[in-house]
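Subject: Handing over the structure

Hello,

Here is the structure I promised to pass on to you. Have a look at it, and then read on for what turned up.

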Amino acid sequence: MIAELKPYAEYKESGSNWLGPVPAQWEVRNLRTLISKRAERDRANLPLLSVAREKGVFVRSLTDADENHNVIPEDLSNYKVARAGNLVINKMKAWQGSMGIAPCDGIVSPAYYVFDFRIANNAFGQKLLRSRPYVAHFGQASDGVRVGQWDLSISGMRQIPVLVPPQEEQAAIVRFLDWANGRLERAIRAKRKVIALLNEQKQAIIHRAVTRGLDPSVPLKPSGIPWLGDIPQHWDFTDLRRYWRVTDCKHLTVPFVDDGIPLASVVEVQPFSLNLNRCKQTKPDWYRRLIEGDRKPKRGDLIYCRNASVGACALVETDIDFAMGQDVCLIRSQSQNHRFLNYLLHSPYMEHQLALILVGSTFKRINISDIKALSVLVPPRPEQDAICEFIDTELFGYNTAISRLEREIELLREYRNRLIADVVTGKLDVREAADRLRELKPESDPELDSVEADETEDHLTEVDA
C-alpha cells in the first residue's frame, strides 16, 4: 500500500522555500496564528510532565533513576501547567526535536514554553511539528553562542509556516501513519528479537569460556557459589582487587567545549570497546586536573560504569589523550589480560553478582569498595590470552550478523522519518489508502507484540538521533 502512494493532483506555492509546493486545498498559516502562550501555575498536585526528543511529552516517573537525571525541587508551585492538547517545547532543545503535545493535564519545568495549540487533530499536529523538516526549521529559529546552547527565539518560531489540511484529511493522515507505524514497528521488533537471541548465544559462549576454560577434561573444584558451580581447579577465585587496581574518577563538574580533550563517561562505556566519537570535551587545564593521581587512561585499561548503567565496561583501544568523566572508574593491571576481565565483567555470572549487590537499591549505583570486592575468576595469563582469542573468533560471525540487523533497523527508521515528512508536508497523498484501511482488520502478531515497547523506542512521532 505504501508503494502505491502518489503525489496530489494539484499543488500551489506555499511561500516557503523549505516547504515548496503544497496541496492546493491545504492552508498555510504562520505558527503565531495557531498558538497562545499559557502562564498558569501553582498546581503542584498535577502529574509531572517532561519532554524529550525521543518521546515527545510524557508523564515523568518520580522514582525511576533513569528518568531523573535532573533534580526535582520540593516546591513545584512555580512549574507551568500544561493542559491536555497543549504544545510543550523545551526551548533550549527545540533544535533537537524536544517538543510535543501534552497527553494529559500536568506541570512542566518553568524553562519550557507552553502554548494552547489550535489545530483540529492533536495527533496530526504532533506528527507535523515533530517531523524532520519542522525540527530543522525550529533549529533555524534557535540561536546562541554554539550548538548545544541554542535558545528558541519566540519571534522566529512565530513565523514558522504551518500546514493545515482540512480536518478530515488530518484524520486520514493520522490513520495512515499509525497503520504504517504498526507495520514498521513489527519489522523493527522482529529484527530486535533476532538480535536479542544472537546476544543470548554470545553470552552463553562467553560464560562457558570465562568460567570453565577451553579444556573440557580439566579437573574442577567447587566454587561455593550455586549459580556458578564448579570451576577449573588451577584457577584462582578471589576479589578483583587482588589482581587489578581500581581508581575512581575525579568528582568534578567541568565545563564543556566544542574543541577540547575528550571525556569518557557513562555513554562512552556502553560498547565492549570505548567509543569517543560523540563524547563531551573539556578544556586542557581541566583535563590535567581530571588525570591527577595516576588517573590518565591508556591503551589496555578498562573504564567501568558505576552509576545508572552499572556494570557497563569498555576496553581502551586508543592512544589519544582523554580523561574520565563522571560516574566511571579506571581498572588497571600490569600483569593480567584486561580483555579477559572485560569478557568476565560482561558475562551472565557477573550480571548475577551485580544483581545481588544492587538488590533493594532505589538508584543503581555501586561503590568503589564493592567493585574491588567483586569475585572474579583468574586463570594463568597464557590461558587468559587463549580464552580471549577463542571468544574473539567465536563471536565474529554473531557480531557481523548483529551489525547487519542494526543497519537494517537504521534504514527502516530513516525510511519511516522520510515517510512521515513526505506525508505531513503533502508530498504524498494518503487519502485513498486511509479509506481502504477502514475496511482492513487490525493486524496483530501476539509473539512480536509481547516484546516490551521500551525495547524499541520506535514510534512514528519520534525523531531519531
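Buried here means under 20% relative accessible area, exposed means over 50%, and partly exposed is in between (1.4 Å probe, protein chains only).

Before going further, a word on the basis. This is a predicted model, in which local features need pLDDT of at least 70 and side-chain atom pairs count only at pLDDT 80 or more, while totals for chains, interfaces and linings use all residues. Residues are numbered from 1 along each chain as its sequence is written, and side-chain values use heavy atoms, with hydrogens and water left out.

**The chain as a whole**

The secondary structure comes to 12 helices and 25 strands. These are DSSP runs numbered from the N terminus, with helices (H or I) of at least four residues and strands (E) of at least two. The chain has 465 residues, and 47% of them are buried. Among contacts with a separation of 6 or more, 74% join residues 24 or more positions apart; contact means heavy atoms within 4.5 Å.

**Asn307 and Asp327**

Back to Asn307, which sits in the loop between β21 (302-305) and β22 (313-315). Its side chain makes a polar contact with the side chain of Asp327, at 3.3 Å. A polar contact is a pair of N or O atoms within 3.5 Å; within protein, one must be able to donate a hydrogen and the other to accept it, and residues adjacent in sequence count only if both atoms are side-chain atoms. Leaving aside neighbours within four places in sequence, Asn307 is in contact with Val266, Asp327, Lys364 and Arg365.

Asp327 itself belongs to the loop between β23 (323-324) and β24. Asp327 has a positive phi of about 70°, although it is not a glycine. Asp42 also has a positive phi, of about 60°, and is not a glycine either. You will find Asp42 in the loop between β4 (35-37) and β5 (49-52), where it counts as exposed at 55% relative accessibility.

**Helix α1 against helix α4**

The axes of α1 (residues 122-129) and α4 (residues 167-212) come within 9 Å and cross at roughly 65°. That makes α1 roughly perpendicular to α4, a label that covers angles of 65 to 115 degrees. From α1, Ala123, Phe124 and Lys127 make the contact, and from α4 Gln170, Ile173, Val174, Leu177 and Asp178 do.

Of the 8 residues of α1, 6 are buried: Phe124, Gly125, Gln126, Lys127, Leu128 and Leu129.

Why is α6 described as largely enclosed by the rest of the structure? Because 7 of its 8 residues are buried, namely His338, Phe340, Leu341, Asn342, Tyr343, Leu344 and Leu345. Asn337 caps the N-terminal end of α6, where one of its side-chain oxygens lies 2.8 Å from the backbone nitrogen of Arg339.

Gln336 is in the loop between β24 (328-332) and α6 (338-345), and is buried at 11% relative accessible area. The side chain of Gln336 makes a polar contact with the side chain of Ser335 (3.0 Å). Apart from its neighbours within four places in sequence, Gln336 is in contact with Tyr243, Trp244, Val378, Pro379, Arg381 and Gln384.

Gly213 lies in the loop between α4 and β15 (220-222) and is buried, with a relative accessible area of 11%. Gly213 and Ile231 are 18 residues apart in sequence and 8.5 Å apart in space, C-alpha to C-alpha. Leaving out neighbours within four places in sequence, the contacts of Gly213 are Arg208, Pro232, Trp235, Glu383 and Ile387.

Val254 is found in the loop between β18 (245-248) and β19 (261-264), and is buried at 12%. Not counting residues up to four places away, Val254 touches Leu263, Thr282, Trp286 and Leu290.

Best wishes

Terms used. Axes fitted to C-alpha atoms, helices over the stretch in contact; angles between N-to-C directions. Parallel < 35°, antiparallel > 145°, perpendicular 65-115°, else oblique.
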